[in-house]
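Reader: Please take a close look at the aromatic side chains in this model. I would like the geometry spelled out, with the cut-offs.

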Amino acid sequence: QVQLVESGGGLVQAGGSLRLSCAASRLTFSNYAMGWFRQAPGKEREFVAAITWNGGSTDSADSVKGRFTISRDNAKNTVYLQMNNLKPEDTAVYYCAADLNQYNAYRAARRYEYWGQGTQVTVSS
């Protein structure tokens, strides 16, 4: 059974940084594009960033451009989300997801086959 396990969340002050990690197991990691999504209380899950199988192409939401960076290490079966200059509105549960369509970095959550359990990020003002 495929497993995606997020880590690195926590409580941080506005302006601070966090790096999220998502470790994948029981899948051929390099066959998948990877994405990060988030869901705040009372809101729908939203796209944050995505990366193709080899990191050759990435995409990110306008709300995080210039602050968040997605990357991956296929040797470690891990995808990362570096989050800088965090804002209170970034507070949410962050999820990583895997998409077998490895050549595209899609924004639509429905395209992703596997999901992690999420990690909480809380940004205080």
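**Aromatic pairs**

The count comes to five aromatic pairs, where rings of Phe, Tyr and Trp (its six-membered ring) pair if their centres lie within 6.5 Å, and planes under 30 degrees apart count as stacked, over 60 as edge-to-face and the rest as tilted. One of them joins Phe-37 and Phe-47, edge-to-face, at 5.8 Å centre to centre with 75 degrees between the planes. Phe-37 lies in strand β4 (residues 33-39) and Phe-47 in strand β5 (residues 46-51), so this pair ties together parts that are ten residues apart in sequence; strands are DSSP runs of E, at least two residues, numbered from the N terminus. This is a predicted model, in which local features need pLDDT of at least 70 and side-chain atom pairs count only at pLDDT 80 or more, while totals for chains, interfaces and linings use all residues. Residues are numbered from 1 along each chain as its sequence is written, and side-chain values use heavy atoms, with hydrogens and water left out.

Phe-37 is buried at 1% relative accessible area, and Phe-47 is buried at 11% (buried means under 20% relative accessible area, with a 1.4 Å probe and protein chains only). Phe-37 also pairs with Tyr-112: the ring centres are 5.2 Å apart and the planes are at 80 degrees, so this pair is edge-to-face. Tyr-112 lies in the loop between β9 (92-99) and β10 (114-115), so the pair with Phe-37 in β4 ties together parts that are 75 residues apart in sequence. Tyr-112 is buried, as is Phe-37.

Phe-37, Phe-47, Tyr-112 and Trp-115 form one aromatic cluster. Arg-45 lies over the face of Trp-115, 4.7 Å from the ring centre.

Methods. Helix = DSSP H or I, 4+ residues; strand = E, 2+ residues; numbered from the N terminus. Buried < 20%, exposed > 50% of the residue type's maximum accessible area, 1.4 Å probe, protein only. Lys NZ or Arg CZ within 6 Å of the ring centre and 35° of its normal.
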